[in-house]
Amino acid sequence: MVQYRRNLLPGGTYFFTVTLHNRRATYLTDHIELLRNAMRQTAQRRPFQTHAIVILPDHLHAIWTLPPADNDYPARWRSIKANVSRDLAAQGIKIDKTPRGEYLLWQKRYWEHTIQNDDDFRRHVDYIHYNPVKHGLVNRVADWPYSSFHRHVARGELPEDWGGSGIITPGNAYGEPP
């Protein structure tokens with residue numbers, strides 16, 4: 001059996017991909033406020049800084065930095081996932097359960113990558129912001145409402161037309177702007 005290991009770096013900056021169990025589901029955008037509330041509540045109890053985030057119908061990408069002596073991002077994701085699952089169920093939305101009674105809303109695992117340097121950080125922020133175009137949800141990055149892209153534009157860090165027309169060109173395999 002493969003041994004699965006997380007890189008737990010106190011105060012680290014991480015890129016995450018967190019996915020729903022059913023890849024055809026649209027719970028994340030259909031119930032965006034539940035996800036936002038779960039993230040806010042979790043951040044109040046266990047702080048983290050969100051540098052970039054995009055919420056798509058069936059998955060999300062985010063970059064977080066944890067406090068200096070803290071490396072427990074798994075507990076934060078458990079809290080967020082549990083809160084969203086409970087809140088959806090409380091609204092009467094049917095979510096399948098495992099034989100042990102656990103909700104099957106989320107995939108058990110998630111992707112985590114420790115950000116290595118400023119260039120790695122920039123590339124992952126770009127990937128996050130361009131992801132809705134990559135998935136064919138919009139033609140322009142600015143057209144996707146569930147993205148930190150708009151915050152970056154408001155702060156003057158990116159132009160409104162960043163990402164261009166959404167045309168993926170050779171050498172642009174990840175859907176990032178050239």
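Axes are lines fitted to C-alpha atoms, for helices over the stretch in contact, and angles run from 0 to 180 degrees between N-to-C directions. The model is predicted, so that local features are given at pLDDT of at least 70 and side-chain atom pairs at pLDDT 80 or more, whereas totals for chains, interfaces and linings use all residues. Residues are numbered from 1 along each chain as its sequence is written, and side-chain values use heavy atoms, without hydrogens or water. In this view the axes of helix 2 and helix 3 come within 9 Å and cross at roughly 140 degrees. Helix 2 is therefore oblique to helix 3 (under 35 degrees is roughly parallel, over 145 roughly antiparallel, 65 to 115 roughly perpendicular, and the rest oblique). Helix 2 brings L34, L35, A38, M39, Q41, T42 and R45 to the contact, and helix 3 brings R76, W77, S79, I80, N83, V84, D87 and L88 (contact means heavy atoms within 4.5 Å).

Although Q41 and N83 are 42 residues apart along the chain, their C-alpha atoms are separated by 9.0 Å. Q41 is partly exposed, at a relative accessible area of 35% (buried means under 20%, exposed over 50%, partly exposed in between, with a 1.4 Å probe and protein chains only).

**The chain as a setting for the close-ups.** The chain holds five helices and four strands (DSSP runs numbered from the N terminus: H or I of at least four residues for helices, E of at least two for strands), and along the sequence they follow the pattern β-α-α-β-β-α-β-α-α. Of the 178 residues in the chain, 47% are buried.

**The nonpolar cores.** The largest nonpolar core has 28 residues, and F16, L35, W64, Y73, W77 and I80 are the ones with the most contacts inside it (a core is a set of buried Ala, Val, Leu, Ile, Met, Phe, Trp, Tyr and Cys residues joined through side-chain atoms within 4.5 Å). Two or more residues come to this core from each of strand 1 (13–19), helix 2 (32–45), strand 2 (49–55), strand 3 (59–65) and helix 3 (73–90). Another core, of 19 residues, lies apart from it and includes V54, L56, L158 and W162.

**H51 and the residues around it.** H51 is found in strand 2 and is buried, with a relative accessible area of 18%. Leaving out residues up to four places away in sequence, H51 touches T13, I63, W64, T65, F121, S148, R151 and H152.

**G12, ahead of strand 1.** G12 lies in the segment before strand 1 and, at 2% relative accessibility, counts as buried. Residues up to four places away in sequence aside, G12 touches W64, T65 and L66.

**Y127 on helix 4.** Y127 lies in helix 4, where its relative accessible area of 16% places it among buried residues. From the C-alpha atom of Y127 to that of V54 the separation is 9.7 Å, the two residues being 73 residues apart along the chain; V54 is one of the residues of the 19-residue core.

A142 sits in the loop between helix 4 (118–134) and helix 5 (149–154) and is buried, with a relative accessible area of 12%. Once its neighbours within four places in sequence are left aside, A142 is in contact with F149, H150 and E160. A142 and E160 are 18 residues apart in sequence, and their C-alpha atoms are 6.4 Å apart in space.
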